Amino acid sequence: MIHVLAVDDDKNTRRLVQAVLENEGYQVTTAINGDDALNKLEQEHIDLVVLDIMMPGMDGYAFTKTIRDGQNDLPILMVSAKQLPEDRHQGFIVGTDDYITKPIDVEEMLLRIKALLRRARIVSERKLTVGDTILDLDTLTVMRPGESVVLPQKEFLLLYKLLSYPGKIFTRIQLMDEIWGMDSETGWETVTVHVGRLRKKFENWPAFEIQSVRGLGYKAVKKA
């Protein structure tokens, strides 16, 4: 079960986040500020943090900086009543992965949490084997006996995502959100362009194929 740490000094917000996440099947631990959250991290395995910014004691910015300074890549979703661009910028500067504003849109929060967890899964696994083909995340390399291809980062992550779930259909918007991020100004058409490049590069590789699903999106199919 995915374990989420919800950090907020407001009791009602903590209860809301906890209730929503538990209803979705997540295990939830709560903390009242950054210091409390650091103690909880030492005691329990946490998969993702939903983090308020303005809190007494250690605030969300300081907590995130402390985590990142310790080389911890734990996914962090910041939540704040502040809506100015500079506040968002500060969050990303200290190392947050994503950012939403209060009042919390519950559906948006859940979507962003799911996207962050999917990206974290890609990063944690590091390598993926499909038949005689190996995808190495550390080097962005796709290898088979006697041949290797180094890909641009977005192309590699797109291929890695599709091959991580063979047969599953992903819409262009889903892939755009997960690989480029929800706040990207790039249009979803770039997914089509990247898929076209991948098909050309791997058209003679027998282990897999990227297929279009009319009106829906794309899926990867293992062939060997």
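Two residues are in contact when their heavy atoms lie within 4.5 Å. Keep that in mind while we look around this structure, which is a predicted model.

Let's start with Phe-156. Leaving aside residues up to four places away in sequence, Phe-156 touches Leu-135, Asp-136, Leu-137, Leu-140, Thr-141, Val-142 and Leu-151. Phe-156 also belongs to the largest nonpolar core, a group of 29 residues. Among those 29, the members that touch the most other members are Leu-135, Val-142, Leu-151, Phe-156, Leu-159, Leu-163 and Phe-202. Which elements give two or more residues to this core? They are β6, α6 (153–164), α7, α8, β11 (208–213) and β12 (217–222). The biggest giver is α6, with 7 residues. As a bit of background, nonpolar side chains tend to be buried together in soluble globular proteins.

Now for a sheet. Four strands form an open sheet in the order β6-β7-β8-β9, and the pairing is antiparallel. β6 (127–130) and β9 (147–150) sit at the edges with a single partner strand each, so one side of each has no neighbour in the sheet. On average, neighbouring strands here are turned by 15° against each other, if you ignore direction. Zoom in on β6 and you'll find 4 bridges joining it to β7 (residues 133–136), with the two strands running antiparallel.

Next, a pair of helices. How do α7 and α8 pack?

| Item | Value |
|---|---|
| Helix α7 | residues 172–180 |
| Helix α8 | residues 189–201 |
| Angle between α7 and α8 | about 85° |
| Distance between the axes of α7 and α8 | 9 Å |

Angles from 65 to 115 degrees count as roughly perpendicular, and α7 and α8 are therefore roughly perpendicular to each other. On the α7 side, Arg-172, Leu-175, Met-176 and Trp-180 take part, and they meet Thr-190, Val-191, Thr-192 and His-194 in α8. Sort the residues of this contact by type and you get 4 nonpolar, 3 polar and 1 charged.

Finally, let's step back to the whole protein. There are 8 helices and 12 strands. The C-alpha atoms fill a box of roughly 60 × 35 × 35 Å along the principal axes. Of the 224 residues, 44% count as buried. And if you take the contacts with a separation of 6 or more, 54% of them are between residues 24 or more positions apart.

Conventions:
Residues are numbered from 1 along each chain as its sequence is written. This is a predicted model: local features need pLDDT of at least 70, side-chain atom pairs count only at pLDDT 80 or more; totals for chains, interfaces and linings use all residues. Side-chain values use heavy atoms; hydrogens and water are left out. Axes are lines fitted to C-alpha atoms, for helices over the stretch in contact, and angles run from 0 to 180 degrees between N-to-C directions. Angles under 35 degrees count as roughly parallel, over 145 as roughly antiparallel, 65 to 115 as roughly perpendicular and the rest as oblique. Ala, Val, Leu, Ile, Met, Phe, Trp, Tyr, Cys and Pro count as nonpolar, Asp, Glu, Lys and Arg as charged, and the others, Gly among them, as polar. Two strands pair if DSSP finds at least two bridges between them. A nonpolar core is a set of buried Ala, Val, Leu, Ile, Met, Phe, Trp, Tyr and Cys residues joined through side-chain atoms within 4.5 Å. Buried means under 20% relative accessible area, exposed over 50%, partly exposed in between (1.4 Å probe, protein chains only).
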